[in-house]
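Dear colleague,

Please find the structure below, together with its sequence. A summary of the findings follows it.

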Amino acid sequence: MIKFLLWCILFVLCWPLALMALVLYPIVWLFLLPFRVVGIAVGGVFDLLRAIITLPARALGGGRRVYR
């Protein structure tokens, strides 16, 4: 909603720039999409490495304290 209101204000102030932004937004989004996919993949690899490294400690019950 905020983006739409900002675009409306831009349209009132400078309509050619607003129309250019409206046309270029999907092109920029498509250009940045592969970088998002790579970021998700790299995050998944880091999560997998963290799970592998902390597996022995979790298997032995480290980090869990039971107060009775």
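Of the 68 residues in the protein chain of this predicted model, 1% count as buried. The chain exposes about 6,600 Å², of which carbon and sulfur atoms supply 79%. Its secondary structure consists of two helices and zero strands.

Regarding the arrangement of the helices, α1 spans residues 2–13 and packs against α2 at an angle of about 140°, the two axes being 5 Å apart. Helix α1 is therefore oblique to α2, since roughly antiparallel would require an angle over 145 degrees. On the α1 side, the residues in contact are K3, W7, L10, F11 and L13. They meet W15, L17, A18, L19, L22 and Y25 of α2.

The surface also carries a nonpolar patch of about 870 Å². Its members are L17, M20, V23, L24, I27, V28, F31, L32 and F35.

Yours sincerely

Terms used: Residues are numbered from 1 along each chain as its sequence is written. This is a predicted model: local features need pLDDT of at least 70, side-chain atom pairs count only at pLDDT 80 or more; totals for chains, interfaces and linings use all residues. Side-chain values use heavy atoms; hydrogens and water are left out. Helices (H or I, at least four residues) and strands (E, at least two) are DSSP runs, numbered from the N terminus. Buried means under 20% relative accessible area, exposed over 50%, partly exposed in between (1.4 Å probe, protein chains only). Accessible areas come from the Shrake-Rupley method with a 1.4 Å probe; for residues, only the protein chains shown count as cover. Patches are made of residues with over 30% relative accessible area and no salt bridge: like charges are joined within 9 Å, nonpolar side chains (Val, Leu, Ile, Met, Phe, Trp, Tyr) within 5 Å. A salt bridge is a side-chain nitrogen of Lys or Arg within 4 Å of a carboxyl oxygen of Asp or Glu. Axes are lines fitted to C-alpha atoms, for helices over the stretch in contact, and angles run from 0 to 180 degrees between N-to-C directions. Angles under 35 degrees count as roughly parallel, over 145 as roughly antiparallel, 65 to 115 as roughly perpendicular and the rest as oblique. Contact means heavy atoms within 4.5 Å.
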